[in-house]
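Keep the sequence at hand as you read.

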Amino acid sequence: MNSSKSDFTQGSILGKLLPFMLPILGALVLQAAYGAVDLLVVGRFGTTSGLSAVSTGSQVLNLVTFVITQFAMGITVLIARYIGEKKPQYIGALIGGATIIFAIVSAVLFVVMIGFAQPIAVLMQAVELTSSYVRICGGGIFFIVAYNLLAAIFRGLGDSKSPLLFVAVACVVNIAGDLILVAGLHLDAAGAAIATVTAQAVSV
């Protein structure tokens, strides 16, 4: 945590920033690939309504993920600040408080995405399968929130490579899940949603 590799207060900033930034960029690209993989597999092996459901439902999931990521970024900044100020004793309390807050956020999102999946689908003028996709992803919202919180903590401690590894493994699991559940078992949009949630669970 206090090694020179993660200490941006000393030495060349650019020389340390690039190795730190590139894994973050890679993780963001891989996270964006989730929806693309689902669309490709469902478009090839699923139905037209399933493709529409994944396209619409993934937008809801991306919105939720984006909001969570922005909140989690605050944890990264605060941890990095305490490290820079040589006050590591505050980090434990910060992580504990963040865990409680994000657990509450997860519970609220869980209720909203499962209980209001149908109205959300209607609001977006989507097909019936969209509500199923949103509901399944809502059931796994705890894993999505947990990944982003853990990634924020690791990055705040100066480790941006571990979150990249986590999401890379998740992408592989997601692809395998899509092929098994959509192409093999023909579960259509529901299979894509289950594969996405499973991949997030494995990454956590």
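Start with Ile 75. Leaving aside residues up to four places away in sequence, Ile 75 touches Leu 94, Ala 98, Phe 102, Leu 149, Ala 152 and Ile 153. A contact here means heavy atoms within 4.5 Å. This is a predicted model: local features need pLDDT of at least 70, side-chain atom pairs count only at pLDDT 80 or more, and totals for chains, interfaces and linings use all residues. Residues are numbered from 1 along each chain as its sequence is written, and side-chain values use heavy atoms, with hydrogens and water left out.

Ile 75 belongs to the largest nonpolar core, which has 33 residues. Such a core is a set of buried Ala, Val, Leu, Ile, Met, Phe, Trp, Tyr and Cys residues joined through side-chain atoms within 4.5 Å. Buried means under 20% relative accessible area, exposed means over 50%, and partly exposed lies in between (1.4 Å probe, protein chains only). Which members touch the most others? They are Ile 68, Ile 75, Ile 79, Phe 102, Met 113, Tyr 133 and Ile 141. Six helices, namely helix 1 (13-45), helix 2 (48-84), helix 3 (91-115), helix 5 (128-139), helix 6 (141-156) and helix 8 (188-203), each supply at least two residues of this core. Helices are DSSP runs (H or I, at least four residues), numbered from the N terminus. Helix 2 gives the most, with 10 residues. A second, separate core has eight residues, including Tyr 147, Ala 151, Ala 170 and Ala 199. In soluble globular proteins, nonpolar side chains tend to be buried together.

The axes of helix 3 and helix 5 come within 8 Å and cross at roughly 160°. That makes the two helices roughly antiparallel, since angles over 145 degrees count as such. Axes are lines fitted to C-alpha atoms, for helices over the stretch in contact, and angles run from 0 to 180 degrees between N-to-C directions. From helix 3, Phe 110, Met 113 and Ile 114 make the contact. Helix 5 answers with Val 134, Arg 135, Cys 137, Gly 138 and Gly 139.

Next come the charged pairs. The structure holds two salt bridges. A salt bridge is a side-chain nitrogen of Lys or Arg within 4 Å of a carboxyl oxygen of Asp or Glu. Arg 81 meets Glu 85 at 3.1 Å, N to O. Glu 85 also pairs with Lys 87, and there the closest N and O atoms are 3.8 Å apart. Arg 81 is partly exposed at 48% relative accessibility. Glu 85 is partly exposed at 34%, and Lys 87 is partly exposed at 34%.

Lys 86 lies in the loop between helix 2 and helix 3. Its phi is positive, about 60°, although Lys 86 is not a glycine. Most residues other than glycine have a negative phi. Asp 188 also has a positive phi, near 60°. Asp 188, in helix 8, counts as buried at 11%.

Finish at Leu 40, in helix 1. Leu 40 is exposed, with a relative accessible area of 62%. Leu 40 and Ala 72 are 32 residues apart in sequence and 30 Å apart in space, C-alpha to C-alpha.

Notes. Parallel < 35°, antiparallel > 145°, perpendicular 65-115°, else oblique.
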